[in-house]
Amino acid sequence: ISGGERQRVAVIRSLVNNPSLILADEPTGNLDRENSQILLKLMDDLKVKYKQSFIIATHDQSILEIADRVLHLKDGKIKKES
């Protein structure tokens, strides 16, 4: 299966037990723009509807659209918070 397909399966597996906290490392990394937007909408919906929290490590600036808090790290230390 492709990287994008593996990525989507990993997302589904992480949500199956309805966890209150989801840790995601580059969740949109292997997805095309359309699927990235679908995933971001899903995460935002889950955050609102089921009060699920996400801690996301990423370089994808589009994730900022759904973030309540953003920490910028440099050399393992918080450089900026917004």
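Student: What should I keep in mind about the model?
Tutor: The model is predicted, so local features need pLDDT of at least 70 and side-chain atom pairs count only at pLDDT 80 or more, while totals for chains, interfaces and linings use all residues. Residues are numbered from 1 along each chain as its sequence is written, and side-chain values use heavy atoms, with hydrogens and water left out.

Student: What makes residues 3-15 helix α1?
Tutor: Helices are DSSP runs of H or I with at least four residues, strands are runs of E with at least two, and both are numbered from the N terminus. Helix α1 has 13 residues. From first C-alpha to last, α1 reaches 19 Å, close to the expected 18 Å; the expected span is 1.5 Å times one less than the number of residues.

Student: Which residues of α1 are buried, and where do they sit?
Tutor: They are G4, Q7 and V11. They cover an arc of only 55° around the axis, which puts them on the same side of α1; the arc is that of the directions from the helix axis to the C-beta atoms. An α-helix has 3.6 residues a turn, so residues three or four places apart point the same way. The buried residues pack against α2 (33-49), whereas the face turned away from them carries the exposed residues I12 and R13.

Student: Why is S36 called buried?
Tutor: Buried means under 20% relative accessible area, exposed over 50%, and partly exposed in between, with a 1.4 Å probe and protein chains only. S36 has 6% relative accessibility, so it counts as buried. This residue of helix α2 is in contact with T28 and L31, leaving aside neighbours within four places in sequence; contact means heavy atoms within 4.5 Å.

Student: How do you know whether M43 is buried or exposed?
Tutor: M43 has a relative accessible area of 5%, so it is buried. Leaving aside neighbours within four places in sequence, M43 is in contact with P27, F54, I56 and I66. M43 and I66 are 23 residues apart in sequence and 8.2 Å apart in space, C-alpha to C-alpha.

Student: What makes K41 and D45 a salt bridge?
Tutor: A salt bridge is a side-chain nitrogen of Lys or Arg within 4 Å of a carboxyl oxygen of Asp or Glu. For K41 and D45 the N to O distance is 2.9 Å. Being four residues apart in helix α2, they are separated by about one helical turn. K41 is exposed at 52%, and D45 is partly exposed at 36%.

Student: How many salt bridges are there in the whole structure?
Tutor: A search finds four. One of them joins K47 and D68, with the closest N and O atoms 3.4 Å apart. That pair links distant parts of the chain: K47 is in helix α2, and D68 is in the loop between β2 (53-57) and β3 (71-74), 21 residues apart. D68 counts as exposed, at 67% relative accessibility.

Student: What about R69 and E81?
Tutor: Their side chains meet in a salt bridge at 2.8 Å, N to O. This pair also links distant parts of the chain, R69 being in the loop between β2 and β3 and E81 in strand β4 (residues 77-81), 12 residues apart. R69 counts as exposed at 56%, and E81 as partly exposed at 48%. Elsewhere, salt bridges that share partners join D44, K47 and D68 into one network.
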